[in-house]
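Student: I have a model open and want to learn how to read it. Can we go through it together?

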Amino acid sequence: MATERTWKTIENGPHELDEFLHPISLKNYGKWKYHERPRPGVLKHVAESGDVLFTVRAATHRQVTVDIVRRLCDLADRFADGHLRWTVRNNVEFMTPNAANVDSLIAALEAAGHPVGGTGPSVSAIAHTQGWLHCDIPAVDASGVAKSIMDALFHDFAHEEMPNRVRLTTSCCEINCGGQADIAVVVQHTRPPRINHEILANVCEMPSTVARCPVAAIRPTTVNGKPSLMVVEEKCIYCGACFGACPAMEINHPEHSKLAIWVGGKNSNARTKPGNMKLVAHGLPNNPPRWPEVSELLKRILAAYKAGGRDWERMGEWIERIGWKRFFEETGLPFDKFMIDNYRHARVSFNQSAHIRF
Amino acid sequence: MSEQQQNNNEKFQLNPTPMIDELEKGPWPSFVKGFKETAQRTGKTMVRGVLDQLNYSYETRMGYWKGGVVGVHGYGAGIISRYSMIGDKFPEATEFHTMRIQPAPGLHYSTKALREICDIWEKYGSGLLSMHGQTGNLQLQGIKAESVQACFDELNQLGWDLGGAGATVRTGLSCVGPARCEQACYDTLHVHGKVLSYYSDLTHRPQLPYKAKFKFSGCPNDCTNSIQRSDYSVIGTWRDDIKIDQAEVAKFIDAKGVDYLVNNVITRCPTKAITLKGNEMVIDNRDCVRCMHCLNVMPKALSPGDDRGITLLVGGKGHLKVGNMLGSVMVPFMKMETEEDVDAFIELVDRMIDYWSENGLDHERIGECIERVGIQQFLDAVGLEATVEMIAHPRDNPYFKAGEYKTDDEDDERDAA
């Protein structure tokens, strides 16, 4: 390999866009009139010019390969004039002005193992993280959890039978890179970090590790004559924030790192304001390769939502209408005291009224 | 494929990975199947090693990657380095670094460009990609440190640049925008491109208290989840009236029934801004909060108004360290049509980033910084007037200090001093 560099870096930021847009997109840029959903997984956009653009949306693995991407390119060349795009939930989209291409494209995608769906009131693909495959701080895998859940919820990706859209995320540590969602699966640690005093002083910047703790539970100390850190275990909330700053604060554990389920988060401004998701189950086992306990619970929550939610109600809006008491009754999940907040501003989550459902 | 390669590949065997083999089953696309296919076709031992280590993670329920420092010439960010903690066990995957690439706005591609990326990536790296990271990067996953520079140089010649990592402006994300959506109230794709190009230096060289993220959504449906996921959430909106096509309203009622309109549009309006007069929809636009619900249900009959622009919300972030925070309004409305509009936006954000750079603590996002120093101080520092759109309601906390109500004499004394 050449050791001398001849190329001088061009710092341009995001790649130029124009050549990547479908010609019909470019022609009608900013001049779209309305859209329809002819069937699950297909959008039909109509421009002011009268031009029509069909979009076929399909699931991907997110963790893909050059072989998978080249096959998707083959399909885009055959059916979508050499263009394709991705959604923020890892779905791939092909656009074509030719209605006759839609069915052939769907058949070709499904033959290639890419189910078509994820539009309208369906369960779209999971926004997820890296997990054991690539991350340096995960307590669980991501792609495997997402794959297992979507295998279980497959029907509702390909059909539009939910009250409104359902957004799922998974996260492999409590940083929650997966983000807010109608239902989220997030790691929950249940013990303080085990501190590796042997390496700590060599691998960690101690003041920034102390500063990283949300409850000021980390203090400097000396162990076997070496400077190190200690954790006040009564204060520690097992969040693992320190582990990101200092790999000697070993928070991950095969038994004690578990999974929690959160529901009712929402990003859109439609109807209600965006809001954070709430804890409804915790202490689920981290059980690879299929995490069956998680999928079962998600199916139960979704079945209750599907049965009880009204048109256009997101998960959180459905719960707001029926109340948390009925949510726990209808899903059969047990409520416990750990679901009552005791961190900053906790009081705003208490029921400061006589509004009670009987 | 050359004959020699083919011969090599015949000898190439994957090791047993019984745990992750379970993920080859079921109807959803299987990444394990994909990885194995690429390993077998290319004979890349790094992919085999990664599968082996992943299987070991599944057996032991622990992760085994640690960070390090890998970069390209002149940049301080953009490569996520991964070294195996158990390289003695799985020597084929001792290094598995990721290159974060900034895609085009809206995650649009041509097949030509994607094939070029695939060819370069197969030449230098593992052939594994993540499309896309949660922040919006195209992630090329699995390269050795020695190949990173040459790989980047080839990609850069085709117009691809690295994204952010660590204490930088991070790669941006935009919705499909005016390329396909009738609700797009500004050109998310153009503004994304221009803003992130402007911040290239801050993207590539860590010099901020912590990460800074931009997301661009064309309307309040916020398809990029920007209020929750970004420090600078740029959301399209409009100031004038929702446009109503009453003929389409009548068709909607014919098709769906008046009860559907009442139950799913009128009563679902969060501010009760819609009434029905005969067969006509009447919207009191002074009550409308631009939530998008009625436009979502009736995209043929209703459209955003013509006086369009953006709302800027600042301070959204994930859990670390004080818990999840949603962005809050800093600018209720600004135009975003001309290059001057975009420049004015960048100037304003520059003042915010400057203030945060000066005042933010290590690992403190701008939202946390504003909460710690106080929003009044922040607004004064960046030169923004306090407006009522910034709040859900005025304070209910009784303890406050409302300036000093200085008399003219006192002002004169202060000026003299």
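Student: Which residue in β6(B) is the bridge partner of A:Val64?

Tutor: Strands of a sheet pair through backbone hydrogen bonds, either parallel or antiparallel. Here B:Leu129 in β6(B) is the bridge partner of A:Val64. This is a predicted model: local features need pLDDT of at least 70, side-chain atom pairs count only at pLDDT 80 or more, and totals for chains, interfaces and linings use all residues. Residues are numbered from 1 along each chain as its sequence is written, while chains are lettered from A and ligands numbered from 1 in the order in which they are written.

Student: How many bridges join β4(A) to β6 of chain B?

Tutor: Two strands pair if DSSP finds at least two bridges between them. Strands (E, at least two residues) and helices (H or I, at least four) are DSSP runs, numbered from the N terminus. β4(A) and strand β6 (residues 128-131) of chain B are joined by 3 bridges and run antiparallel.

Student: How many residues of chain A are in contact with chain B?

Tutor: Contact means that C-beta atoms, placed from the backbone, lie within 7 Å. By that rule, 94 residues of chain A touch 108 residues of chain B. On the chain A side, α2(A) gives the largest share, 8 residues.

Student: How do I read two packed helices? At what angle do α3 and α4 of chain B cross?

Tutor: Two packed helices are described by the angle between their axes and the distance between the axes. Axes are lines fitted to C-alpha atoms, for helices over the stretch in contact, and angles run from 0 to 180 degrees between N-to-C directions. Helix α3 (residues 31-42) and helix α4 (residues 45-60) of chain B cross at roughly 145°, and their axes come within 8 Å.

Student: Which residues of α4(B) make the contact?

Tutor: B:Val47, B:Arg48 and B:Leu51 do, and α3(B) brings B:Phe35, B:Lys36, B:Thr38 and B:Ala39.

How values were computed:
Contact = placed C-beta atoms within 7 Å.
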